[in-house]
Amino acid sequence: MHLFGNNFLRARCCHLHEVAENIFSKMAAFGDFSVVSKDDPRETEKLLVKLISLGFQTFAVNQFFTLKKTNKSNKDINRQYPKPKEWAQMPQLQALMKNNSKIQVLSRLTVVLEENSQMHQLASDAVQAFDILSVRPANEKQFFQCCSTLEIDIISLDMTIRTPFLVKHTQVNQAIERGVHFEIVYSPAIKDAIQRRHIFKNALQLVQVARGRNIIVSSEGEAEMDFRGPYDIANLSLLFGLKENRAKDAISKNVRAVVFHANARRGPGRAVVSGRSIQSLKQSVMCEDKRKADSIVSSQPACKKMKII
């Protein structure tokens with residue numbers, strides 16, 4: 001029985017590896033949007049170099065920040081926030097970027113929300129200076145606001161613990177319609193069995209509610225041993241409940257979509273996109289065609305109106 005179990009696991013791993021190879025055979029750049037920023041920039045640079053050696057090309061160096069209660073002016077609020085660093089100016093990264101122009105290193109700020117009154121601070125200049133803006137809500141009310149109104153790029157729930165609220169379809173769909181993405185991190189699952197259990201449970205729930213849409217898988221790695229290559233991440237994504245094409249999107253297509261969304265959010269004047277249902281669009285087109293036909297008929301002589309009708 002023990003031998004059968006080992007053979008089954010071995011066959012399962014081989015199958016996942018073959019699936020990953022099929023997924024990535026026609027793909028280009030891979031991305032990791034949660035490389036934890038270290039106090040020493042040279043240590044962060046080593047992490048990025050490691051990811052490049054694994055085959056990744058797009059990165060976001062992630063700085064975490066917990067909002068504080070404050071009644072101070074915007075200038076004082078701006079002083080509290082960390083500042084984005086110019087990672088592309090680091091010596092090793094510069095040398096690698098000369099050989100590969102597709103390498104892109106972005107700055108990311110993940111704001112840990114504790115109270116609803118803190119959300120207005122997200123509009124400060126210090127926050128908007130980062131390329132990618134992510135939030136980590138603490139309760140259901142904050143999660144609802146993040147999904148429905150906040151101008152953000154990523155919602156990153158703390159999946160290492162039991163989620164203190166129920167993630168609902170309506171809220172997640174609102175975020176997806178606005179182009180906001182949800183993040184699953186995998187490195188804590190490598191380090192601790194309890195965190196692994198919570199991550200798999202929370203990830204399966206999120207993937208089910210989101211139906212696999214707008215999901216990115218990141219490392220949240222703090223050391224070189226925390227990272228895995230694209231094939232391993234594909235295996236994990238399948239175990240999180242993602243289908244083959246969604247597993248591919250989680251580290252490629254969706255990562256690029258986050259970049260596009262962030263550029264539109266931070267761009268001059270900000271991009272404004274309005275949507276209408278297909279049914280209402282059809283009705284408006286039919287009404288417009290009818291008005292045009294009526295105007296043509298009314299402008300024609302009486303002898304020609306019968307032919308047009």
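## Close-up views of the predicted model

Panel A. F30 is buried because its relative accessible area, 10%, is under the 20% cut-off. F56 is also buried, with a relative accessible area of 2%. The model shown here and in the other panels is predicted. A search of the whole structure gives four aromatic pairs. In the pair of F30 and F56 the ring centres are 6.4 Å apart and the planes are at 70 degrees; an angle over 60 degrees counts as edge-to-face, so this pair is edge-to-face. F30 belongs to the loop between α1 (2-24) and β1 (31-36), and F56 to the loop between α2 (41-54) and β2 (58-66), so the pair ties together parts that are 26 residues apart in sequence.

**Panel B. Aromatic cluster of F143, F165 and F182.** Ring pairs join these three residues into a cluster. F143 is buried, with a relative accessible area of 0%, and F165 is buried at 9%. Their rings form a tilted pair, with 5.2 Å from centre to centre and 40 degrees between the planes. F143 lies in helix α6 (residues 140-148) and F165 in the loop between β5 (154-155) and α7 (169-177), so that the pair links distant parts of the chain, 22 residues apart.

**Panel C. The largest nonpolar core, with 62 residues.** F143, I155 and F182 have the most contacts inside this core. Helix α9 (residues 193-210) supplies the largest share of the core, six residues. With its neighbours within four places in sequence left aside, F143 is in contact with P137, I155, L157, F165, V167, Q171, V172 and F182.

**Panel D. Helix α2 and its surroundings.** The 14 residues of α2 should span 20 Å at 1.5 Å a residue, and the end C-alpha atoms of the helix are 20 Å apart, which agrees. T44, E45, L47, L48, L51 and I52 are buried in α2. Seen down the helix axis, the buried residues of α2 fall within an arc of 160 degrees, so they line one face of the helix. These buried residues pack against β1, β2, α4 (91-99) and β3 (104-112). R42 and S53, on the other side of α2, are exposed. Just after α2, G55 has a positive phi of about 110 degrees.

**Panel E. Segments with pLDDT under 50, residues 269-281 and 302-309.** Over residues 269-281, pLDDT stays under 50, and the model has six contacts beyond four places in sequence for this segment. Over residues 302-309, pLDDT likewise stays under 50, and the model has six contacts beyond four places in sequence there. Where pLDDT is low, the predicted coordinates should not be read in detail. For the protein chain, the mean pLDDT is 81, and 73% of the residues reach 70 or more.

**Panel F. The protein chain, for reference.** The chain has 14 helices and seven strands. Of its 309 residues, 44% are buried. Among contacts in the chain with a separation of 6 or more, 75% are between residues 24 or more positions apart.

Key
Residues are numbered from 1 along each chain as its sequence is written. This is a predicted model: local features need pLDDT of at least 70, side-chain atom pairs count only at pLDDT 80 or more; totals for chains, interfaces and linings use all residues. Side-chain values use heavy atoms; hydrogens and water are left out. A nonpolar core is a set of buried Ala, Val, Leu, Ile, Met, Phe, Trp, Tyr and Cys residues joined through side-chain atoms within 4.5 Å. Buried means under 20% relative accessible area, exposed over 50%, partly exposed in between (1.4 Å probe, protein chains only). Helices (H or I, at least four residues) and strands (E, at least two) are DSSP runs, numbered from the N terminus. Contact means heavy atoms within 4.5 Å. Rings of Phe, Tyr and Trp (its six-membered ring) pair if their centres lie within 6.5 Å; planes under 30 degrees apart count as stacked, over 60 as edge-to-face and the rest as tilted. The expected span of a helix is 1.5 Å times one less than its number of residues. The arc is that of the directions from the helix axis to the C-beta atoms. pLDDT is the predictor's confidence in each residue, from 0 to 100.
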